[in-house]
Amino acid sequence: MTDHNSTNGGSTNKAIDPVCRMEVEPGLTKFVSVYQGRSYWFCAEACRKAFEANPRKYLHNNTPRKKGWFGRYLQRIAKVSQKEFGGEGPRCH
């Protein structure tokens, strides 16, 4: 998780939305939440509201999960789609 102070004035650094894991630019988004003295930026209002309802759910979810057969299938489909169609991957909204 990238943490930025609110005094950076439009930083070009990227932050990761803790809910959907999308990259956001702190200087360009208006969806911000402060939790335990740290600022977190979000791609949309829905992600910000989900975070504020239960911040610990999204901040302590760093343990990797073992992927089952369906997760591996989806990952393989995503790689094939990216090779065929390009793009940056899935979007939250």
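Is S33 buried or exposed? I looked it up: S33 counts as buried, because its relative accessibility is 5% (buried means under 20% relative accessible area, exposed over 50%, partly exposed in between, with a 1.4 Å probe and protein chains only).

Before going on, I note that this is a predicted model, where local features need pLDDT of at least 70, side-chain atom pairs count only at pLDDT 80 or more, and totals for chains, interfaces and linings use all residues. Residues are numbered from 1 along each chain as its sequence is written, and side-chain values use heavy atoms, with hydrogens and water left out.

**Entry: around S33**

I placed S33 in strand 3, residues 32–35 (helices, H or I of at least four residues, and strands, E of at least two, are DSSP runs numbered from the N terminus). I then found a polar contact of 3.1 Å between the side chains of S33 and E52 (a pair of N or O atoms within 3.5 Å; within protein, one must be able to donate a hydrogen and the other to accept it, and residues adjacent in sequence count only if both atoms are side-chain atoms). Beyond its neighbours within four places in sequence, S33 is in contact with R38, S39, Y40, F42, R48, F51 and E52 (contact means heavy atoms within 4.5 Å).

**Entry: helix 1**

Next I turned to helix 1, residues 45–53, where C47, R48 and F51 are buried. They lie on the same side of helix 1, because they cover an arc of only 100° around the axis (taken from the directions from the helix axis to the C-beta atoms). Strand 3, strand 4 (38–41) and helix 2 (55–59) are included in what covers these buried residues. On the face turned away from the buried side, I found the exposed residues K49 and A53.

**Entry: cysteines**

How many disulfides did I count? The count comes to 0 (a disulfide is a pair of cysteine sulfur atoms within 2.5 Å). For C20, the closest cysteine sulfur is in C43, 3.6 Å away, so it is too far for a bond. C20 is partly exposed at 24% relative accessible area, and C43 is partly exposed at 22%.

**Entry: positive phi**

Which loop holds R21? I found R21 between strand 1 (15–16) and strand 2 (23–24). R21 has a positive phi of about 70° although it is not a glycine, and at 45% relative accessibility it counts as partly exposed.

I also noted Q36, another residue other than glycine, with a positive phi near 50°. Q36 sits in the loop between strand 3 and strand 4 and counts as exposed, at 68% relative accessibility.
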